[in-house]
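I have one structure to go through this morning. Please have the sequence and the coordinates open while I talk.

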Amino acid sequence: MPHRHPRGPRGLAGQAVTAVRPRPRRHRRDPGTRVGGGNRQIGQRVAIAWLAGACGECRYCISGRETLCEQQRNSGYSVDGAFAEYVAVPAAFATPVPDDVSSRDAAPLTCAGVTTYKAIKVAGVAPAETVAVFGIGGLGHLALQYARIFGGFTIGVDVTAEKLALAKELGADHVVDASAGDPAEAIQALGGADVAVALAASPASFDQAFRSLRRGGRLVCVALPADGTMSLPIFDTVLGGKSVIGSIVGTRNDLADVFALHAAGRTKVVAVDRKLDEVNDSIADVLAGRVPARVVFEM
C-alpha cells in the first residue's frame with residue numbers, strides 16, 4: 001500500500017528519511033484496510049531510496065538483483081522524488097530506519113552508503129586485499145569505510161588536499177594526490193590494487209583506476225561521466241586476468257545492512273546541513289568541490 005510521507009532530512013540526490021503517515025483518501029474504502037502495509041506502522045521512520053519499486057517477478061527480482069529490474073521505478077526520475085513536503089511510496093520499498101541511526105545520517109546512507117556498500121560487495125573484497133578508491137567525496141568517504149570493514153587495505157585518491165586529509169582521518173592506509181602525478185604509477189609503486197573503485201565522474205580517472213590494478217585485479221565502475229565511454233587494453237585485460245564490473249545502487253537488503261553497520265558504530269557520515277531553498281547553490285558547491293562529502297537538506 002502506498003503512503004504519503006511528511007517532512008524529514010533529504011539527501012542532495014533526493015533520498016528521504018521520514019515518518020509513515022496514511023495516504024489521504026477522498027472516499028474511505030474498506031473500513032478494515034490496514035494502514036502501513038506489511039510491517040510498516042504509522043509514525044515509523046523509513047527511508048526512500050533511488051529504487052522506488054520493482055516488478056518482483058522477473059529473473060532479476062527473484063534472484064535478489066532487483067536493482068536490475070527492467071520495470072523498476074526510480075525516485076526523482078520516473079516517479080516523484082523527495083524534494084517535497086509529502087511523497088508517496090509503496091510500503092514495501094520504504095526501508096525502516098533503526099532507532100540508533102539518526103535521520104540526518106540515514107539520508108546520505110540511503111544514497112551514497114548503499115551505492116558504495118554494493119560496489120565493495122560486488123568487488124568481492126577479501127581480507128588483506130588492497131582497495132583503491134578514486135574520488136574521496138560523498139561516495140568515496142563511505143567506500144573507504146566499507147572497504148576497511150570488509151578487511152581491505154585502503155588507498156584514497158583525490159585531487160584536493162582537503163579530501164585526502166579526510167581519507168586519512170577515516171583510516172586510509174595510503175593517500176595519493178592525483179594532481180601531483182599519475183596516480184596509477186603511485187599505486188603500482190605500492191604494489192598495485194586488487195580492487196579499484198571508480199567514483200570520480202571523469203573518464204581519465206577510469207583509465208587511471210584500471211592501470212592501478214595488479215594482476216587479477218577488479219575495476220568497479222560506479223560514477224557516470226558525461227562522456228560515457230572508456231577504452232581497455234585487451235592484452236593487459238586478458239593476460240593480466242583483470243575484470244571490469246559495473247555496479248549500480250544496492251537492494252533493500254543492502255540498505256538494511258548499511259543501516260545495521262552504522263547503528264553498530266562502524267561508519268561515519270560526513271555531511272553539511274542546508275535548507276531546501278539552497279538546493280541550487282548546493283549543487284554548484286558540490287560540482288565545484290566546495291563540499292567535503294554530502295549535503296543534507298532539512299525540510
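Aspartate 254 counts as buried, because its relative accessibility is 3% and buried means under 20% relative accessible area with a 1.4 Å probe, protein chains only. This aspartate is found in helix H8. Helices here are DSSP runs of H or I with at least four residues, strands are E runs of at least two, and both are numbered from the N terminus. Not counting residues up to four places away in sequence, aspartate 254 touches Val114, Tyr117, Lys118 and Lys121, where contact means heavy atoms within 4.5 Å.

A word on the source. This is a predicted model, in which local features need pLDDT of at least 70 and side-chain atom pairs count only at pLDDT 80 or more, while totals for chains, interfaces and linings use all residues. Residues are numbered from 1 along each chain as its sequence is written, and side-chain values use heavy atoms, with hydrogens and water left out.

The protein chain has nine helices and 16 strands. Of its 299 residues, 47% count as buried. Among contacts between residues at least 6 apart in sequence, 64% join residues at least 24 apart.

Next, the sheet. Six strands form an open sheet in the order S11-S10-S9-S12-S13-S14, with parallel pairing; two strands pair if DSSP finds at least two bridges between them. At the edges are strand S11 (174-177) and strand S14 (243-246), each pairing on one side only. From one strand to the next the twist averages 20 degrees. Axes are lines fitted to C-alpha atoms, for helices over the stretch in contact, and angles run from 0 to 180 degrees between N-to-C directions. Strand S13 (residues 213-221) pairs with S14 in the parallel sense over four bridges. Valine 220 has isoleucine 245 in S14 as its bridge partner. Helix H3 (residues 140-149) packs on the sheet, touching strand S9 (130-134) and strand S10 (153-158), and its direction makes about 165 degrees with that of S10.

On a 1 Å grid over the protein atoms alone, a cavity is a set of points where a 1.4 Å probe fits but cannot get out; a pocket is an open set with protein on both sides within 12 Å along at least five of seven lines; lining residues have an atom within 4 Å of a point. Grid points are joined across faces, edges and corners, and a volume is the space filled by probe spheres set on the points.

The largest pocket holds about 1600 Å³. Its lining has 46 residues, with Leu139, Leu199, Ala201, Ala223 and Arg294 nearest the centre. Elements giving two or more residues to that lining include helix H2 (103-123) and helix H9 (279-287). The lining divides into 27 nonpolar, 16 polar and three charged residues, with Ala, Val, Leu, Ile, Met, Phe, Trp, Tyr, Cys and Pro counted as nonpolar, Asp, Glu, Lys and Arg as charged, and the others, Gly among them, as polar.

How many cavities of 30 Å³ or more are there? The count comes to one. The largest cavity has a volume of about 100 Å³. H2 and helix H8 (252-263) each supply at least two residues of its lining.

Last, alanine 293, in the loop between H9 and S16. This alanine counts as buried because its relative accessibility is 9%. Leaving aside neighbours within four places in sequence, alanine 293 is in contact with Gly137, Gly138, His141 and Val270. The C-alpha atoms of alanine 293 and valine 270 are separated by 5.8 Å, with the two residues 23 apart along the chain.

Notes: Buried < 20%, exposed > 50% of the residue type's maximum accessible area, 1.4 Å probe, protein only.
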